[in-house]
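Subject: Structure handover

Hi,

Here is the structure for your work. My notes follow below it.

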Amino acid sequence: MIGNDVVDLALAEKASNWKREGFLNKIFTKSEQLLISNAEKPSIMVWNLWSRKEAAYKIYNRKTNSRGYFPLLLECSDLKSIDGTVFGKVVIQNLIYYTKTEINSQFIHTVAVEKTDDFDGIINLKNRTNIHKKNGIPNYSETGNSVSKPVSISHHGRFEQIISFYDKPNLDFSFRKSNPIL
Ligand SMILES: CC(C)(COP(=O)(O)OP(=O)(O)OC[C@H]1O[C@@H](n2cnc3c(N)ncnc32)[C@H](O)[C@@H]1OP(=O)(O)O)[C@@H](O)C(=O)NCCC(=O)NCCS
């Protein structure tokens with residue numbers, strides 16, 4: 001399963017005042033608030049954590065059918081920056097989701113997966129062709145093909161990101177790894 005979330009930083013700056021009374025306490029746990037207060041750019045950390053929670057929620061919702069607004073139950077941890085991409089975890093109850101976040105001056109985009117190997121199988125879709133929704137949740141399936149793949153859509157301000165999996169990602173990638181010529 002996958003989830004994603006994009007934040008347009010210009011829109012977030014204009015439309016959401018994260019410094020307003022009570023906001024941080026409603027959305028972020030104590031340890032997340034510590035990450036924010038210790039960050040070089042607290043505002044970026046706010047939207048970085050927000051984006052991770054939303055991306056993880058999209059998987060959680062698909063898996064459990066639990067819908068709702070429970071930001072404090074989704075806790076971000078283990079943030080680690082590698083070559084400009086920030087990896088981490090989001091935990092909810094006993095479930096762990098792995099997150100990968102791209103941050104630049106324009107937007108923050110997080111992809112969440114259930115297994116870290118799944119990051120290798122993510123593709124970006126250019127449009128909504130062959131995407132169908134069930135109970136509001138998008139999937140990709142071609143006419144006449146019974147195989148359905150999970151899709152996650154996120155849009156905010158100037159940006160839209162639609163992601164899915166390659167066909168059989170694990171099979172393809174294990175094949176490549178065991179065949180160094182490829
Ligand atoms: C449903 C929710 C995840 C949508 O997120 P959003 O940031 O408002 O909007 P996004 O653009 O990122 O995502 C919307 C897309 O997600 C998809 N979507 C809607 N509900 C979904 C769900 N429950 N699960 C997975 N995908 C969903 C849809 O494709 C939708 O786009 P579309 O209607 O144009 O096709 C969000 O409103 C929500 O309810 N979050 C609850 C989790 C929480 O506690 N968040 C607190 C903030 S950290």
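Strand β10 (152-156) runs antiparallel to strand β11 (residues 159-165), and five bridges join the two. Helices (H or I, at least four residues) and strands (E, at least two) are DSSP runs, numbered from the N terminus. Two strands pair if DSSP finds at least two bridges between them. I153 stands opposite I162 in β11.

Two points on the source. This is a predicted model, where local features need pLDDT of at least 70, side-chain atom pairs count only at pLDDT 80 or more, and totals for chains, interfaces and linings use all residues. Residues are numbered from 1 along each chain as its sequence is written.

**Two open sheets**

β10 belongs to an open sheet of three strands, in the order β6-β11-β10, with antiparallel pairing. β6 (122-125) and β10 stand at its edges with a single partner strand each, so one side of each has no neighbour in the sheet. Neighbouring strands here are turned by 25° against each other on average, direction ignored. For angles in general, axes are lines fitted to C-alpha atoms, for helices over the stretch in contact, and angles run from 0 to 180 degrees between N-to-C directions.

A second open sheet has three strands in the order β7-β8-β9, again with antiparallel pairing. Its edges are β7 (131-134) and β9 (149-150); each has a single partner strand, so one side of each is left without a neighbour. Four bridges pair β7 with β8. In this pair, K133 stands opposite P138 of β8.

**The ligand shell**

Which residues come nearest to the ligand? They are K53, K58, P71, I153 and S154, out of 20 around it. Near means a C-beta atom, placed from the backbone, within 6 Å of the molecule or strand. α4, β8 (137-140) and β10 each supply at least two residues of the shell. α4 gives the most, with seven residues. By class, the shell has nine nonpolar, five polar and six charged residues. Ala, Val, Leu, Ile, Met, Phe, Trp, Tyr, Cys and Pro count as nonpolar, Asp, Glu, Lys and Arg as charged, and the others, Gly among them, as polar.

α4 has 23 residues. From its first C-alpha to its last, α4 reaches 32 Å, close to the 33 Å expected at 1.5 Å a residue. The expected span is 1.5 Å times one less than the number of residues. Just after α4, N65 takes a positive phi of about 65°.

The axes of α3 (residues 30-38) and α4 (residues 42-64) come within 7 Å and cross at roughly 145°. E32, L35, I36 and S37 of α3 meet P42, M45, V46 and L49 of α4. Contact means that the C-beta atoms of two residues, placed from the backbone, lie within 7 Å. Six of these residues are nonpolar, one is polar and one is charged.

Strand β2 (residues 75-82) and strand β3 (residues 85-92) run antiparallel and are joined by six bridges. S81 stands opposite V86 in β3. The two strands form a hairpin with two residues between them, and D83 in the turn has a positive phi of about 50°.

β3 and β4 pair antiparallel over eight bridges. G88 stands opposite T99 in β4. This hairpin also has two residues between its strands; Q93 in the turn has a positive phi of about 50°.

β4 pairs with β5 in the antiparallel sense over six bridges. A hairpin of three residues joins them. K100 has V111 of β5 as its bridge partner. Strand β1 (residues 2-8) also pairs with β5, antiparallel, over seven bridges. There the partner of D8 is F107.

Is β5 enclosed or open? Seven of the seven residues of β5 (residues 107-113) are buried, so the strand is largely enclosed by the rest of the structure. A residue is buried if 20 or more other C-beta atoms lie within 10 Å of its own, exposed if 12 or fewer, and partly exposed in between, with C-beta atoms placed from the backbone. F107, H109, V111 and V113 cover one side, and I108, T110 and A112 the other.

Y98 lies in strand β4 (residues 95-103). Y98 counts as buried because it has 20 C-beta neighbours inside 10 Å. Leaving out residues up to four places away in sequence, Y98 touches K89, A112, V113 and T116.

Best regards
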